[in-house]
Amino acid sequence: MTAVSGKSIVLALDSAGSGCSVVVAAGETVLAAEQCTTAHGQAEKLLLMADAVMRKSGVSTLALDIVGTTIGPGSFTGIRVGLAAMRGIVLATGARSVGVTGFEAVAAGLAARTDEWSTGFLLVALESRREDLYIQLFDYAHRPLGEPMAAMPAALANALPDLIGEAPLLVAGDAAQRAATMLLPRSGTIVVEESGPDAAGVLRAVLQRPCTSESLIKPAPLYLRAPDVTVTTPHQGAGS
């Protein structure tokens with residue numbers, strides 16, 4: 001199909017957040033999609049969903065040019081599931097692997113939805129399932145203005161005026177409402193509902209990523225907090 005359409009065949013995956021979704025597309029034209037909202041069981045569902053969209057699309061897996069997935073932040077298990085699925089499919093098909101952050105997926109998906117939000121700054125806020133938020137700030141062209149970070153909502157409210165003043169602000173992501181509540185009564189703030197990361201956003205972020213030597217590096221997980229696991233070293237005994 002690639003040779004006929006002249007467009008890259010992309011399989012996009014997302015399982016880092018509170019669900020999982022899969023899209024297969026020729027360029028930006030979506031051929032088939034699957035989505036579920038469960039916060040658990042991505043390991044069992046993701047590959048089945050990928051197989052289902054490939055069958056619906058009528059595209060052979062050997063026609064895949066790119067396989068993309070979210071690399072985080074998010075659920076430790078969900079991130080690993082997405083990366084493992086991507087690597088397995090790439091190994092079997094020879095496609096190129098591309099990893100994008102959940103922030104990139106939200107920003108890219110938002111840019112495709114409407115021109116109404118093409119001015120002002122963009123704050124992407126993602127759920128950590130704890131008191132803090134995962135955040136990244138973008139300019140009016142959705143270019144990142146800093147590195148992703150984990151921040152307490154109150155600290156965000158204190159820091160934002162120094163960064164953008166009273167400029168218009170768009171707040172998106174699956175924690176957008178929680179972030180925006182801490183910024184009230186700030187004027188010029190718009191909250192985008194239902195704007196969490198998904199495979200459609202991954203698709204658009206992947207297509208925006210230039211094919212450079214840096215992009216050929218194997219994608220690695222992005223964690224903004226240490227995992228909630230304590231490893232016991234061999235020399236630690238019951239009385240230590």
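I took a disulfide to be a pair of cysteine sulfur atoms within 2.5 Å. The model is predicted, so I kept to its limits, with local features needing pLDDT of at least 70, side-chain atom pairs counting only at pLDDT 80 or more, and totals for chains, interfaces and linings using all residues. Residues are numbered from 1 along each chain as its sequence is written, and side-chain values use heavy atoms, with hydrogens and water left out.

**Cysteines.** I looked up the sulfur of Cys20 and found its closest cysteine sulfur, that of Cys36, at 3.1 Å, which is too far for a bond. By the rule above I count zero disulfides. Cys20 is buried at 1% relative accessibility, where buried means under 20% relative accessible area (1.4 Å probe, protein chains only).

**Sheet.** I took strands (E, at least two residues) and helices (H or I, at least four) as DSSP runs numbered from the N terminus, and two strands as paired if DSSP finds at least two bridges between them. Five strands make an open sheet of mixed pairing, ordered S8-S7-S6-S9-S10. S8 (149–151) and S10 (189–191) stand at the edges with a single partner strand each, so one side of each has no neighbour in the sheet. S7 (residues 133–138) runs antiparallel to S8 and is joined to it by three bridges; Met149 in S8 is the bridge partner of Ile135.

**Helices.** For contact I used heavy atoms within 4.5 Å, and for angles, from 0 to 180 degrees between N-to-C directions, axes fitted to C-alpha atoms, for helices over the stretch in contact. Helix H5 (residues 153–164) packs on the sheet, touching S6 (121–127), S7, S8 and S9 (169–172), its direction making about 10° with that of S7. Helix H6 (residues 176–183) also packs on the sheet, touching S6, S7, S9 and S10, at about 140° to the direction of S9.

Notes
Buried < 20%, exposed > 50% of the residue type's maximum accessible area, 1.4 Å probe, protein only.
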